[in-house]
Amino acid sequence: MSFKALNLSESVLRGVQAAGYTDPTPIQLRAIPVVLGGGDLIASAQTGTGKTAAFALPVLSRLGNHGRPRVLVLEPTRELAAQVETAFRDFARFTDLRTVAVFGGVGYGHQRQELKRGVDIIVATPGRLMDYLKERTITLQDISILILDEVDRMLDMGFLPVVKDIINRCPRERQTLFFSATVPPEIQAVASFALRNPARVECGVNRSVNESVKHALYPVSQEQKFDLLVALLAKTDFDSVLVFSRTKHGADKIARRLKAANHSVAVLHANRSQNQRIEALAGFKSGKYEVMVATDIAARGIDVAGVSHVINYDVPEKPEDYVHRIGRTGRAQAVGDAFTLVTPENAGDIRDIQRFIGAKIPELRLEGFDYKASAPRPAGPELQRPKGSLPGQIRHKGSFNRYRGRR
Ligand code: AMP
């Protein structure tokens with residue numbers, strides 16, 4: 001089925017074509033008719049599935065022409081807000097509809113000016129939006145469509161009270177859409193006060209990892225973790241690598257050590273200023289930095305085409321974060337590899353992840369790495385070296401098929 005058959009407005013259809021999309025993704029196929037019909041919706045979908053267009057396209061189609069602020073999209077992070085604003089602007093390029101993003105970490109002046117010029121769609125992080133609501137730069141009295149994106153993460157980040165406050169400031173007569181990778185009971189509870197008879201769309205992807213991604217666990221002792229990371233980077237034929245750390249401090253430390261090992265490295269975490277975050281992302285996208293070290297919250301939802309590898313330096317705390325991290329590679333059918341360094345203390349977390357994704361991740365030893373005698377060994381048969389197209393195939397420099405040139 002094509003976008004044409006989905007009853008989007010003519011100008012939005014042109015915007016989609018200009019964006020280069022030809023076929024709708026499953027979440028788009030299922031969510032767009034619900035949103036166009038005006039109903040409430042709870043959609044389980046993670047980033048990478050095309051969920052932004054799943055709400056942006058029908059919402060823009062419903063708005064028609066420029067008027068008052070009628071759509072509010074809440075996002076958990078600044079990066080996501082900026083990305084979703086860009087998507088709305090792209091799709092709306094053949095309309096006169098205006099989108100403005102409001103988020104913290106930058107000055108108020110430019111955002112105030114933009115808001116003054118008149119806006120139809122506000123994409124906001126909760127904190128900065130509250131500032132504008134309190135000073136009455138923004139009112140929500142005309143909001144007819146409220147979208148909460150990445151609701152699970154928003155609640156994880158402690159935004160529940162402010163999100164409730166914002167929902168209560170919107171008119172009761174409205175359409176409300178929830179997008180969330182997972183829908184745990186806390187979200188059901190918020191949904192029951194915010195939504196009316198919502199349709200549910202589950203794309204069956206919320207527990208699975210992208211099929212084009214090859215996974216592997218690398219057992220290692222705590223003391224050799226960093227050396228193994230460096231060895232993996234040296235042996236892997238990568239285009240760009242996202243390295244995940246559990247903590248901001250850890251991310252800084254890894255970045256410092258990687259720089260000392262002559263890698264070009266960017267760092268993304270919540271303690272970095274907005275300018276540093278923008279520079280890091282832009283530099284990573286342009287290829288100036290080949291490695292980006294990030295924490296989960298900072299990296300949530302960022303869309304960097306061509307991330308060839310994700311390396312979990314630290315095992316994620318929550319199983320769903322594994323899926324989110326891995327979602328950074330293999331977007332839009334590109335291939336990607338995902339390596340996880342595992343110390344013996346992580347055994348329980350790994351079990352939880354494997355249960356969550358419903359698959360066992362192969363354990364590998366890096367050939368040629370000088371494992372200390374005490375190093376943990378992979379479970380199962382000794383030789384789990386990648387072979388042919390078995391799951392867990394890793395393309396190491398020199399030893400296996402080099403898979404493509406740099407983009
Ligand atoms: P999202 O899940 O909204 O973050 O989208 C993930 C990526 O897929 C983005 O880079 C989108 O531009 C891209 N994308 C979304 N929908 C489509 C589509 N129907 N065809 C091709 N690419 C798409």
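1. The buried residues of H9 pack against strand E1 (41-44), helix H7 (151-156), helix H8 (160-169) and strand E6 (175-180), where contact means heavy atoms within 4.5 Å. Helices (H or I, at least four residues) and strands (E, at least two) are DSSP runs, numbered from the N terminus. The model is a predicted one, in which local features need pLDDT of at least 70 and side-chain atom pairs count only at pLDDT 80 or more, while totals for chains, interfaces and linings use all residues. Residues are numbered from 1 along each chain as its sequence is written, and side-chain values use heavy atoms, with hydrogens and water left out.

2. Which residues of H9 are buried? In this helix, residues 185-194, they are Ile187, Val190, Ala191 and Ala194. These residues lie on the same side of H9 because they cover an arc of only 105° around the axis, taken from the directions from the helix axis to the C-beta atoms. Pro185 and Ser192, on the other side of H9, are exposed. Buried means under 20% relative accessible area, exposed over 50%, and partly exposed in between (1.4 Å probe, protein chains only).

3. The whole structure contains 20 salt bridges, each a side-chain nitrogen of Lys or Arg within 4 Å of a carboxyl oxygen of Asp or Glu. Side chains of opposite charge can pair when their charged atoms come close.

4. One of the salt bridges joins Asp120 and Arg70, with the closest N and O atoms 2.6 Å apart. This pair links distant parts of the chain, 50 residues apart: Asp120 is in the loop between helix H5 (109-116) and strand E4 (121-124), and Arg70 is in the loop between helix H3 (51-63) and strand E2 (71-74). Asp120 counts as buried, at 0% relative accessibility. Arg70 is buried too, at 17%.

5. Glu173 and Arg196 form a salt bridge whose closest N and O atoms are 3.4 Å apart. Glu173 sits in the loop between H8 and E6 and Arg196 in the loop between H9 and strand E7 (199-202), so the pair ties together parts 23 residues apart in sequence. Glu173 is exposed, at 61% relative accessibility, and Arg196 is partly exposed, at 47%.

6. Arg200 pairs with Glu202 in a salt bridge, the closest N and O atoms being 3.9 Å apart. Arg200 is partly exposed, at 37%, and Glu202 is partly exposed, at 42%. Elsewhere, salt bridges that share partners join Glu85, Arg89, Arg98, Glu114 and Arg117 into one network.
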